[in-house]
Amino acid sequence: ERKFAIQSIRIAALFGLTATVLSALTGDQSGYLIAQHQPMKLAATEAHYHGSTEAGLSAIGLLNPAKTAYNDDQDAFVFNIKIPYLLSFLATRDIEGFVPGINDLIEGGYRQGDGTIAPSATEKIRRGKLAVTSLAAYREAKKNGDTSRAEEHLAILKANIPYFGYGYINDAEELIPNVPLNYYAFRAMVALGCYFILFFAVILLLIYKHSLSRLKWMHWVAMLTIPLGYIAGQAGWIVAETGRQPWTIQDLLPVSAAVSRVSAGSVMTTFFLFLILFTIMLIAEIGIMLREIKKGPDGTH
């Protein structure tokens with residue numbers, strides 16, 4: 001039984017270490033894709049306001065609470081320790097690559113990866129409103145059988161469709177996600193990921209040295225590590241969902257224009273049903289675990 005337990009722990013530790021390392025590798029690819037398709041999310045998670053080449057990745061920092069607008073004269077950080085060149089490499093696969101900041105994404109004017117000049121948020125909003133208006137006019141013309149007018153508005157719509165969602169944006173600042181929330185949630189996720197790699201590596205080392213069973217303090221560390229996995233997962237979801245704001249579909253459909261046939265009452269009812277169900281299941285699980293712990297191991301096995 002002891003050999004079986006040790007083997008089970010060894011397999012679990014190897015699986016945990018492998019999964020964590022793979023998550024780090026896929027996270028690198030995810031960061032690159034975000035830089036290409038959701039640059040504002042990347043800028044928000046790094047509190048990166050001013051674009052730069054050879055940009056460093058913020059490892060540990062404290063945001064300046066006095067900074068309340070993207071274009072004010074306040075520094076973004078009270079202090080900030082960076083890993084040199086890493087943000088440029090993550091975003092462009094080039095340590096000298098240019099990474100646009102929040103100000104650049106709002107004001108435009110920088111050269112994009114494809115060589116074109118990025119339009120400002122104001123220009124995107126103008127073209128987006130033109131696309132929305134053209135779509136309405138196209139539908140009206142089709143309804144009235146006015147083919148030539150429909151074709152005219154269809155051409156305008158096609159020319160501006162990449163900015164369609166901006167037509168529902170009223171203020172450029174709506175395009176900026178919650179910077180402090182994304183910055184700290186991202187660092188919590190990454191810090192816990194690094195901790196898990198270290199934790200599983202130490203567990204494997206102790207198993208091979210046959211000293212894990214003697215280190216009771218390590219058992220407590222393992223127990224206290226369990227909820228950290230859930231915290232890391234939730235931190236990742238915070239970055240994923242709040243970092244993409246205000247978009248339901250990037251550049252095409254903002255949250256303010258998204259429509260669902262599901263009523264708010266139905267959503268609330270479902271939420272509370274799940275809350276009650278899982279609370280009952282949690283109470284039952286804890287009760288069963290406590291009962292078995294009190295009984296102790298069965299000496300016949």
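Start with the second largest pocket, which comes to about 840 Å³ in this predicted model. Select Ala35, Gln36, Pro39, Tyr110 and Gln112: of the 35 residues that line this pocket, these lie nearest its centre. Now colour by element. α1, α2, α3, β4 (98-99), α4 (102-107) and α5 (121-144) are the ones that give two or more residues to the lining of this second pocket. Switch to colouring by residue class, and the lining of the second largest pocket splits into 20 nonpolar, 9 polar and 6 charged residues.

Next stop: the largest pocket, with a volume of about 1100 Å³. Centre your view on Ser23, Gly27, Phe186, Met189 and Val190, the closest to the middle among its 34 lining residues. With the class colours still on, you'll find 19 nonpolar, 11 polar and 4 charged residues in the lining of the largest pocket.

Now leave the pockets and turn to charged pairs. Side chains of opposite charge can pair when their charged atoms come close. How many salt bridges does a search of the whole structure find? The search turns up 6.

For one of them, select Asp72 and Lys67 and show their side chains. The closest N and O atoms of this salt bridge sit 2.7 Å apart. Is Lys67 buried or exposed? Lys67 has a relative accessible area of 13%, so it counts as buried, the cut-off being under 20%. Asp72 is partly exposed, at 25%.

Last, go to helix α9 (residues 264-295) and pick out Glu292 and Lys295, which both lie in it. They are 3 residues apart, about one turn of the helix. Draw a distance between the side chains: the closest N and O atoms of the Glu292–Lys295 salt bridge are 3.8 Å apart.

Keep the surface on while you're here. Lys295 is exposed, with 60% relative accessibility, and Arg291 is exposed too, at 51%.

Note on methods. Residues numbered from 1 in each chain as written. Predicted model: local features only at pLDDT ≥ 70, side-chain atom pairs only at ≥ 80, totals over all residues. Heavy atoms only, no water. 1 Å grid on protein atoms, 1.4 Å probe; cavity = no way out; pocket = protein on both sides within 12 Å on 5 of 7 lines; lining within 4 Å. Points joined across faces, edges and corners; volume = space filled by probe spheres on them. Nonpolar A, V, L, I, M, F, W, Y, C, P; charged D, E, K, R; others polar. Helix = DSSP H or I, 4+ residues; strand = E, 2+ residues; numbered from the N terminus. Salt bridge = Lys/Arg side-chain N within 4 Å of Asp/Glu carboxyl O. Buried < 20%, exposed > 50% of the residue type's maximum accessible area, 1.4 Å probe, protein only.
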